[in-house]
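User: Hey, can you walk me through the ligand site in this one? I'd like to start with how you sort the residues around the ligand.

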Amino acid sequence: MCGIVGYVGGRPCKGILFEGLRKLEYRGYDSAGIGVVADGRVEISRSVGNLDNLELILSQVDDAGTTGIAHTRWATHGRPSIENAHPHTDCSGRFAIVLNGIVENYQELRAALQGEGHVFSSETDAEVVAHLIERAYRGSLQDAVVEAYRQMEGHFSYCAVTADEPEVIIGIRKETPLVVGVSEGENFIASAIPAFLAETRSVLFPDDGEVVVVSRDSVRVCTLEGDPVDRPAKTVDWDDEAAEKAGYETFMLKEIYEQPAALADTLAERIAPDGRVVLEGLGLTQEDFRGLERVIIVACGTSYHAGLIGRHALERWARLPVEVEVASEFRYRDPVIGPRCLCIGISQSGETADTLAAMRLARRRGAKVLALTNIVGSQATREADGVLFTRAGLEVGVAATKTFLTQVLAVLLFALHMGEKRGYLEAERVLGLTGKLRRIPTRLREYLESDAVRGVEQAAVRCASQRFFMVLGRNIGLPVALEGALKLKEISYVPTEAYAAGEMKHGPIALLEEGSPVLVVATDASIYDKLVSNVQEVRARGARVIAVASEGNEGIGEMADDIFLVPCTDEMLSPLFGVVPLQLFAYYVAKARGEKVDQPRNLAKTVTVE
Ligand code: M6R
């Protein structure tokens, strides 16, 4: 989820690129850089931290070049550092590239290139692209970019420049956005429209596997074979804010729709060709895997709900006893912890004060500590023995959506990894589950593009004036219900109670009256029949039932007023689908009530105080 921008035209490009980066800063900001083609070379300026640091460096650089590329980085491979900041160059410094996305086979490519004598200067996956282009270059940057592309696996878009062809930028994409801004005597290329919206509203959208040749007076789109593609530019009438949201009405909605990509990024390189889970940087030895006796997960809010899902998976697959604790409570207890205990701190920001304090307490008492976070370089990563990163990109909406889904995916991957390492999961079972995991991003994308979303919206609008919601779940569906209820509370301000469905009879059922809306998460196949009974119980009290069920279980619809069908998968993976209609439901209830979804009252994105 980095930001890239390129310019070729008649004006000095340094300032134009910098302004483009400012507009993309919402995509990532741990380092940034600009490469300008001038005087027979590519002049690179890079810095760590926010763009103010880059601005200082740029003030000392000549403003001669009129072709350049720039990048603002959201670290995935390699910590934030000058060396890891883009643009990356080849051995000679003649070629420079900026990349957004992930090159999955970079280790293989890097080893091969190093074997041929290429010298690398960063830890990133992206640098291989510059060296691949250097190796392939025979007088045409376009051909070299295509040859590099053909060797790369993953999902990415990148732009390349060379001192040998000073007035051209070549861009290419694979499942990652890339747009071209078309103007008079100058043209732009970027990962998102805001980068050049101040300069032009004429936008061309290349497709996957198409090469874009951008020069001062023309933009050509070609196939990999070099055949021209007719792609007329369209005029966009977005204002700056709408452009940052890529046309979505809020960041939250945009982030809900980014979930398939965030899942694909978090999965990338973590499933080996034989189906095994590969997780690096955990800080655990084989002895630890075998010797662990207990896991304590500490987290707050949405991250706590991801932890609850982690408990189910770790118990089932790795046969480890797991406790999941709200960090703000755990930190004041006197917990019994020993060296055979692993504490996992889950925090998308990696900066939540209570979670950090709970992790420190566990560490002081001898536990190994693993941070599960979305932010490279965050405090949690600095204080843990190991780190497991989600790769959701920057989340702007205060209500967590894509960071939650990637946390769930990461804990599932971790539990599979543990299960295998501890000898409780056979290779065949892991292969079956990782095969299903691999398909989830595509299936979720299809779901989000289907009419099902409209059904959720209509049901939400019908319920928007309700004074109270109840959300029921059971087994692995319970954390999903808790998360759905939290979304409703956070953004729609409607009092919402999430409850274990089996507990209803022990008290909460008294709350129900004619028409009370009850959402039931019934995606877990192992307890589906039990949930059907719970649905009948609440229905008998006059409740209005909204069921979230997996395809194939349409039958529950006969007892429900509304049914939100999601794709069917293994019950342990079912939260990855089940929570999405609840996010959408909360979103559309809040919208129908006229609430400001991205900035809910009284809430902050990161809670760095106790
Ligand atoms: O950054 P963290 O994951 O540690 O944040 C934890 C909670 O503050 C966070 O999940 C909060 O509950 C969100 N607003 C949920 O949408």
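Predicted model: local features only at pLDDT ≥ 70, side-chain atom pairs only at ≥ 80, totals over all residues.

User: Which ones come nearest to the ligand?

Analyst: Out of 13 residues around the ligand, the nearest are Ser-303, Ser-347, Ser-349, Thr-352 and Glu-490. Ser-303 has a polar side-chain atom 2.6 Å from a ligand oxygen atom. For Glu-490, a polar side-chain atom is 2.5 Å from a nitrogen atom of the ligand.

User: And what does Val-398 do there, backbone or side chain?

Analyst: Backbone: a polar backbone atom of Val-398 lies 3.3 Å from a ligand nitrogen atom. On its own the ligand has 410 Å² of accessible area, and the protein covers 92% of that.

User: Which pocket does the ligand sit in?

Analyst: The second largest pocket. Two elements give two or more residues to the shell: helix 10 (301–318) and helix 17 (477–492). Helix 10 gives the most, with 3 residues.

User: Switching topic: where does His-131 lie?

Analyst: In helix 4, which spans residues 127–136.

User: Why does His-131 count as buried?

Analyst: Because its relative accessibility is 0%, and the cut-off for buried is under 20%.

User: Which side chain does His-131 have a polar contact with?

Analyst: That of Glu-127, at 2.9 Å.

Key. Residues numbered from 1 in each chain as written. Heavy atoms only, no water. Near = heavy atom within 4 Å. Polar contact = N/O pair within 3.5 Å; in protein donor to acceptor, adjacent residues only side chain to side chain. Areas by Shrake-Rupley, 256 points an atom, 1.4 Å probe, with all protein chains shown as cover. 1 Å grid on protein atoms, 1.4 Å probe; cavity = no way out; pocket = protein on both sides within 12 Å on 5 of 7 lines; lining within 4 Å. Sits in = over half its atoms within 2 Å of the grid points. Helix = DSSP H or I, 4+ residues; strand = E, 2+ residues; numbered from the N terminus. Buried < 20%, exposed > 50% of the residue type's maximum accessible area, 1.4 Å probe, protein only.
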